[in-house]
Amino acid sequence: MPKDSSPVVAVQRFVASLLEVRTRLLDDLAPIASVVDLHAAVRSRRELSREGVTSSGIKYSVHGAGCRMEAPDGRAVDVDVVADPRFRRGVEAFDSWRIRWFLDEAAPDGFSNEEIVAACAQQARQGLLCEVVAGRWYALPEHINKSVDKILPVD
């Protein structure tokens, strides 16, 4: 895949894919409303298997603190459920490693972690992303990223 023209464009491409794949996954798994809810359905309520394929072909794999989602065309995105210290609830968040993995740019000629973090921070200042943990975890804005109001302990 050709390299994006800038780290900001790369982050925007990740976000667009995350929105598309996540929306299709949750539409297919209704009434599951978020990755936080999917985690609960798999781990606590045991209503769904840890891995599966939805009716529209989205593959999902619930892991550790997150979920990997893959579209039929091979685009894969990954998020973790991270405690948001402001709201004391779990939110679907991503970091530079997940974005670089999506971009397949962990190679030396790809964007650095620092470049991706700077692009995420810029997007957060513009209100296009939310910074969950400064310089580390980012999430889609609250009106798009609707997580279940699950209270999590904050370290």
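Mentor: Happy to. α1 and α3 are roughly perpendicular to each other (a label for angles of 65 to 115 degrees). Their packing angle is about 85°, and the axes lie 10 Å apart. Helices here are DSSP runs of H or I with at least four residues, strands are E runs of at least two, and both are numbered from the N terminus. Axes are lines fitted to C-alpha atoms, for helices over the stretch in contact, with angles from 0 to 180 degrees between N-to-C directions.

Trainee: Before we go on, what kind of model is this?

Mentor: It is a predicted model, where local features need pLDDT of at least 70 and side-chain atom pairs count only at pLDDT 80 or more, while totals for chains, interfaces and linings use all residues. Residues are numbered from 1 along each chain as its sequence is written, and side-chain values use heavy atoms, leaving out hydrogens and water.

Trainee: Thanks! Which residues of α1 and α3 meet?

Mentor: From α1, A10, V11, R13, F14 and S17 meet R98, I99, F102 and L103 of α3. Contact means heavy atoms within 4.5 Å. By class, that contact has six nonpolar, one polar and two charged residues. Nonpolar covers Ala, Val, Leu, Ile, Met, Phe, Trp, Tyr, Cys and Pro, charged covers Asp, Glu, Lys and Arg, and the others, Gly among them, are polar.

Trainee: And how do α1 and α4 cross?

Mentor: Their axes come within 8 Å and cross at roughly 70°. That makes α1 roughly perpendicular to α4. On the α1 side P7, V8, V11 and Q12 take part, meeting E115, I116, A119, C120, Q122 and Q123 in α4.

Trainee: Switching topic: which residues touch the most other members in the largest nonpolar core?

Mentor: In that core of 38 residues, they are L38, M69, F94 and L129. A nonpolar core is a set of buried Ala, Val, Leu, Ile, Met, Phe, Trp, Tyr and Cys residues joined through side-chain atoms within 4.5 Å. The largest share, nine residues, comes from α1.

Trainee: What does M69 stand opposite?

Mentor: M69 stands opposite V77 in β4. β3 and β4 pair in the antiparallel sense over five bridges; pairing needs at least two DSSP bridges between the strands. Their hairpin has five residues between the strands, and G74 there takes a positive phi near 95°.

Trainee: What about the other partner of β4, strand β5?

Mentor: β4 and β5, residues 89–93, run antiparallel and are joined by five bridges. V81 stands opposite E92 in β5. This hairpin has four residues between its strands, with R88 in the turn at a positive phi of about 50°.

Trainee: How many residues of β4 are buried?

Mentor: Eight of its nine residues are buried, so β4 is largely enclosed by the rest of the structure.

Key
Buried means under 20% relative accessible area, exposed over 50%, partly exposed in between (1.4 Å probe, protein chains only). Angles under 35 degrees count as roughly parallel, over 145 as roughly antiparallel, 65 to 115 as roughly perpendicular and the rest as oblique.
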